[in-house]
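Here's a quick tour of a model, written for someone who likes to know the cut-offs behind every label. Have the viewer ready.

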Amino acid sequence: MVDPTLPTGLGHAGWTPDSWRSKPVKQNPEYPDQKALAKSLAELKKLPPIVHPREIVRLKQHLRDVARGEAFLLQGGDCAELFDYCEQGAIESKIKLLLQMSLVLIWGADKRVVRIGRMAGQYAKPRSSPMEMVDGKQVPSFRGDILNGFALDERELDPNRLVKAYHHSSATLNYIRAALSSGIADLHRPLDWGLGHVRDPALKAKYSEAVNFLTDMLRFMHTIGADKTEKLETVDLFTSHEGLLLEYEQCLTRLLDNPLHPPSSPAANTKEYYNTSAHFLWIGDRTRQIDHAHVEFFRGIANPIGVKIGPTTPVADILPLLRTLNPAREEGKITLITRYGAALVGGLLPAHIRAVEDSEYARTVVWQCDPMHGNTQSVGGGVKTRAFSDIFSELQQTLRIHKEQGSYLGGVHLELTGDAVTECLGGSEGLDEDDLSTNYTSFCDPRLNEKQALELAFLIADHYRC
Ligand code: PEP
Ligand code: MN
């Protein structure tokens, strides 16, 4: 007898929300207090979904358009989101920056832009080692606010943080929704483009041209009343995080009505398992082993998903990953997030593209460039940084390689913040090593600040316009 509560969609054979537990789990947390863990998991299972299947399906449709080359995907946010960032100012400045960048990209690429924040749940971090040396002492590494705290006396794994993560995600998303529906994205307001820092006159002239164009266009739309549509006052901003902590992800994964095939329809998949912790989740570079727990968990959820691909990804792994994660070959279901580093991208990306585009998966994936994670370096005394020039170089090479290969670079994946941090070197402000200590606040990877992020958007736009 077939269990009627199980979805019968393609590719779910043998899958249950906890089938990942029978596989080896990388980055697995060993909680000292199992009783407290069980209590937190039971509480999470009872709490309502954070996002709705209807929103997940809408994002999937947008990503299908990206895979077809009809739209561009902008994804960005902190490396490690902290519970502390769950406050009005930090949320608003990130929304505004993503919006401003997307306007530049729409102008440049002449395409719709799909926006996804690394927000409202980006709390779990993979680490190269579970222990680290601080002031000559071995202490547990900081693994993200959902697992432990950055302060040295909070490094023990605490299962109560799982429930706290749920509430901080919900509060963040609640404010994102409230801000968007109350006009934060309202384009009639003058935008502060703040180009004062750009020293190079040629660059400044180029940016001013773009800003003048956008300002004129918005003023014109206002004059003729074309900005009175709801579309200009609100925009979609979807949420995402790395699906690292499977215990948490499992609790938020629910069997729900498929909005595309209501219960009354004759389709087989009237219900699907949706991971309601975020609209989009990705598998990190350290957890994408085909026979391990993360791939097992991800193959059963209906959300659009990402997979990080880098220098350690054998060409031969890519098709088995796609066949496991997307056996129905849905367009836009999988985003391949490539992150090689400026020095390696030229040698590695072409073969990865060919593996996909010469197969039955041609034109089904979204190719997205993450120019951050292959370009991390340590400077003076072990401070982690990234050079803006390396970030831009990887992006530029990626754009060129896709053009040569006849594929479409559908998006970028960035670590950024709306604050004036000094974590990445260079950019038109010309930050150097001595500037890093001025406002370095990341507890994990270095992020682009507002000016550097906007500058990158201008550079991408410029590529499309030339
Ligand atoms: C990240 O996106 O913060 C991350 C850890 O990336 P990767 O898995 O590509 O190293
Ligand atoms: Mn990171």
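## Ground rules

This is a predicted model, so to speak of a local feature takes a pLDDT of at least 70, side-chain atom pairs count only at pLDDT 80 or more, and totals for chains, interfaces and linings use all residues. Residues are numbered from 1 along each chain as its sequence is written, while chains are lettered from A and ligands numbered from 1 in the order in which they are written.

Helix and strand names come from DSSP runs (H or I over at least four residues for helices, E over at least two for strands), numbered from the N terminus.

## Around ligand 1

The shell around ligand 1 is made up of Cys79, Pro126, Glu242, Gly284, Asp285, Arg286, Lys308, Arg339, His373 and Asp445. To be listed as near the ligand, a residue needs its C-beta atom, placed from the backbone, within 6 Å of it. Sorted by class, that shell holds six charged, two polar and two nonpolar residues. For the bookkeeping, Ala, Val, Leu, Ile, Met, Phe, Trp, Tyr, Cys and Pro are nonpolar, Asp, Glu, Lys and Arg are charged, and the others, Gly among them, are polar.

Take Asp445 from that list. You'll find Asp445 in the loop between β14 (409-415) and α12. Asp445 has 18 other C-beta atoms within 10 Å, so it is partly exposed. On that scale, 20 or more other C-beta atoms within 10 Å of a residue's own means buried, 12 or fewer means exposed, and anything in between is partly exposed, with C-beta atoms placed from the backbone. Leaving out residues up to four places away in sequence, Asp445 touches Cys79, Met372, Thr376, Lys384 and Glu415; a contact here means C-beta atoms, placed from the backbone, within 7 Å. Thr376 is 69 residues from Asp445 in sequence, yet their C-alpha atoms are 8.0 Å apart.

## How the helices pack

How do α10 and α11 sit against each other? Their axes are 10 Å apart and the angle is about 40 degrees, with α11 covering residues 388-405. Axes are lines fitted to C-alpha atoms, for helices over the stretch in contact, and angles run from 0 to 180 degrees between N-to-C directions. The pair is therefore oblique: under 35 degrees would count as roughly parallel, over 145 as roughly antiparallel, 65 to 115 as roughly perpendicular, and the rest is oblique. From α10, Val345, Gly346, Leu349, Pro350, Ile353 and Glu357 meet Glu394, Gln397, Thr398, Ile401, His402 and Gln405 of α11. That contact splits into five nonpolar, five polar and two charged residues.

On to α11 and α12 (residues 450-465), which pack at about 25 degrees with axes 11 Å apart. That makes the two roughly parallel. Here Phe388, Ile391, Phe392, Leu395 and Leu399 in α11 meet Gln452, Leu456, Leu459, Ile460 and His463 in α12. The tally is eight nonpolar, two polar and no charged residues. Then there's α3 (residues 88-109) with α5 (residues 201-223): the axes come within 11 Å and cross at roughly 95 degrees. So α3 is roughly perpendicular to α5. Leu103, Val104 and Trp107 in α3 meet Ala210, Phe213 and Leu214 in α5, a contact of six nonpolar, no polar and no charged residues.

## Two positive phi values

Most residues other than glycine have a negative phi. Ala120 isn't a glycine, but its phi is positive, about 60 degrees. Ala120 belongs to the loop between β2 (112-118) and β3 (131-134), and it counts as buried because it has 31 C-beta neighbours inside 10 Å.

Arg363 also has a positive phi, near 65 degrees. This residue lies in the loop between α10 (345-357) and β11 (366-369). Is Arg363 buried or exposed? Exposed, because it has 12 C-beta neighbours inside 10 Å.

## One more loop residue

Leu260 is in the loop between β6 (253-257) and β7 (271-275). With 16 C-beta neighbours inside 10 Å, Leu260 counts as partly exposed. Leu260 and Arg58 are 202 residues apart in sequence and 10.0 Å apart in space, C-alpha to C-alpha.

Methods. Contact = placed C-beta atoms within 7 Å.
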